[in-house]
Amino acid sequence: MDNVFDYEDIQLIPAKSVVKSRSECDTSVNFGGHTFKLPVVPANMQTIIDEKIATFLAENGYFYIMHRFQPEKRIDFIKDMKARGLIASISVGVKEGEYDFVKQLAEENLVPEYITIDIAHGHSNAVIEMIQHIKKYLPDSFVIAGNVGTPDAVRELENAGADATKVGIGPGKVCITKIKTGFGTGGWQLAALRWCAKAASKPIIADGGIRTHGDIAKSVRFGASMVMIGSLFAGHEESPGETIEKDGKCYKEYFGSASEFQKGERKNVEGKKMYVEHKGALMDTLTEMEQDLQSSISYAGGRKLQDIRKVDYVIVKNSIFNGDKIY
Ligand SMILES: NC(=O)C1=CN([C@@H]2O[C@H](COP(=O)(O)OP(=O)(O)OC[C@H]3O[C@@H](n4cnc5c(N)ncnc54)[C@H](OP(=O)(O)O)[C@@H]3O)[C@@H](O)[C@H]2O)C=CC1
Ligand SMILES: Nc1nc2c(ncn2[C@@H]2O[C@H](COP(=O)(O)O)[C@@H](O)[C@H]2O)c(=O)[nH]1
């Protein structure tokens, strides 16, 4: 790896605008055969998404991935989404019971449009075997496999049959993998994304480390088809986490999927819990993301999302925030 950088080390270089209004810029993306309003998906974590939010997102044209931490609810969830004519997008793990679950879906002819294999270290035989198992029993499901952080891993999972790979090991806000293990893409997630995207022949989801809406445009520039975001989606009125009040302010919990709060035990803990300030309605954030991304497209001198891919960039020596708080 030569140039190593992260989101805040990069600025995209503006090109002459070709639109009269930013509202002309189209942020939609085709991913896995469906078109979504934004190249953004809330993280498949228990304090970020639940059945209600998934339904809201699907009804309003946004991509979603339901988490896998209440496995017993997944069958009813898929049935419910199908009954409403909505896309079913679920997560699975790699333990023995998950193989039976996939077979059960096939037997009941319940075919989710998207299945995400959600594993910390996705470059493994366990994930490769699960990809092959899903492709055998549910060949029409679009399989997203992860997480990975190297071109080798991307190639191997694609060759095993994955339709998309998810890149990001350790850049998450509630992640402590980098501290506990010394490994990952934390601190150079954007460069890792570029590295992986160069090797990929199928779409990539950039996962973790997004701290501002501008980071979405940067992810697209460096090869992401979709961007998974946790912390920016935490703390909304609709968010599943517990709400607490402190010094007259409301906060909501956001915890890692490998935290002891998720696992119920202190074993192989690689995540923590934090409280984020209450942010209001989820729809307001999605609307602001869309407006900011429309603006990004206009600065790219384009009309559609893919135009961001063509812009130049510079690596800035100091933090682009110059010590300022982000907001
Ligand atoms: N994106 C990221 O940076 C990270 C995300 N996470 C999230 O935490 C959740 C839990 O992840 P995960 O622990 O994978 O899921 P599971 O707890 O379901 O573990 C999956 C299986 O993989 C094994 N396993 C876990 N880690 C490794 C490893 N490093 N090497 C070899 N085998 C391993 C586990 O066995 P055993 O437990 O016995 O080792 C288990 O059999 C997921 O939602 C994941 O996305 C967690 C860490 C990093
Ligand atoms: N190392 C860990 N990573 C985790 C854990 N739970 C979730 N995640 C990853 O973080 C992103 C969200 O990142 P954010 O910066 O947008 O908040 C999520 O999609 C997972 O990939 C965890 O316990 N440990």
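## Notebook: looking around the model

**Entry on Thr 27.** I began with Thr 27, where a polar atom of the side chain lies 2.7 Å from the backbone oxygen of Lys 37. I count this as a polar contact, meaning a pair of N or O atoms within 3.5 Å; within protein, one atom must be able to donate a hydrogen and the other to accept it, and residues adjacent in sequence count only if both atoms are side-chain atoms. Thr 27 belongs to the loop between strand S1 (10-12) and strand S2 (29-31). Is Thr 27 buried or exposed? Thr 27 is buried, because its relative accessibility is 3%. Here buried means under 20% relative accessible area, exposed means over 50%, and partly exposed is in between (1.4 Å probe, protein chains only).

**Entry on ground rules.** This is a predicted model, so to speak of local features I need pLDDT of at least 70, side-chain atom pairs count only at pLDDT 80 or more, and totals for chains, interfaces and linings use all residues. Residues are numbered from 1 along each chain as its sequence is written, chains are lettered from A and ligands numbered from 1 in the order in which they are written, and side-chain values use heavy atoms, with hydrogens and water left out.

**Entry on the record.** I checked UniProt, where an unreviewed entry gives the annotation "domain: IMP dehydrogenase/GMP reductase" for residues 6-311. Such positions are given in the numbering used here, feature names are shortened, and annotations may be inferred rather than shown by experiment. In the model, the span 6-311 is 33% helix and 18% strand, and its end C-alpha atoms lie 17 Å apart.

The unreviewed UniProt entry also places the feature "active site" at Cys 175. Where does Cys 175 sit? I found Cys 175 in the loop between strand S8 (164-167) and helix H6 (177-181). Cys 175 counts as buried because its relative accessibility is 12%.

**Entry on Val 167.** I then moved to Val 167, a residue of strand S8. Val 167 is buried, since its relative accessible area is 0%. Its C-alpha atom is separated by 9.5 Å from that of Ala 153, 14 residues apart along the chain.

**Entry on ligand 1.** Which residues are closest to ligand 1? I noted Arg 68, Asp 118, Ala 120, Gly 168 and Gly 170, out of 17 surrounding residues. A residue is taken as near if one of its heavy atoms lies within 4 Å of the molecule. The shell holds six nonpolar, seven polar and four charged residues.

Oxygen atoms of the ligand took up the rest of my page. One lies 2.6 Å from a polar side-chain atom of Asp 118. A polar backbone atom of Ala 120 is 2.8 Å from an oxygen atom of ligand 1, and for Gly 170 the distance to a polar backbone atom is 2.7 Å. Taken alone, ligand 1 exposes 870 Å², and the protein buries 63% of that. These areas come from the Shrake-Rupley method with a 1.4 Å probe; for residues, only the protein chains shown count as cover.

**Entry on ligand 2.** I counted 22 residues around ligand 2, with Thr 177, Asp 207, Tyr 254, Ala 258 and Glu 270 coming nearest. Their shell divides into seven nonpolar, eleven polar and four charged residues. Gly 209 has a backbone N or O atom 3.0 Å from an oxygen atom of ligand 2. A polar backbone atom of Ala 258 lies 2.7 Å from an oxygen atom of ligand 2, while Glu 270 brings a backbone N or O atom to 2.7 Å from a nitrogen atom of the ligand. On its own ligand 2 exposes 520 Å², of which the protein buries 90%.

**Entry on strands.** Strand S5 (residues 89-92) points Ser 89 and Ser 91 one way and Ile 90 and Val 92 the other way, and all are buried. S5 pairs in the parallel sense with strand S6 (residues 114-118) over four bridges; pairing requires that DSSP finds at least two bridges between the strands. Ile 115 in S6 is the bridge partner of Ile 90.

Strands S12 (residues 249-255) and S13 run antiparallel and are joined by five bridges. Tyr 251 stands opposite Glu 277 in S13. Which residues make up the covered face of S13 (residues 273-277)? I listed Met 274 and Val 276 there, with Lys 273, Tyr 275 and Glu 277 on the uncovered face.

Notes. Ala, Val, Leu, Ile, Met, Phe, Trp, Tyr, Cys and Pro count as nonpolar, Asp, Glu, Lys and Arg as charged, and the others, Gly among them, as polar. Helices (H or I, at least four residues) and strands (E, at least two) are DSSP runs, numbered from the N terminus.
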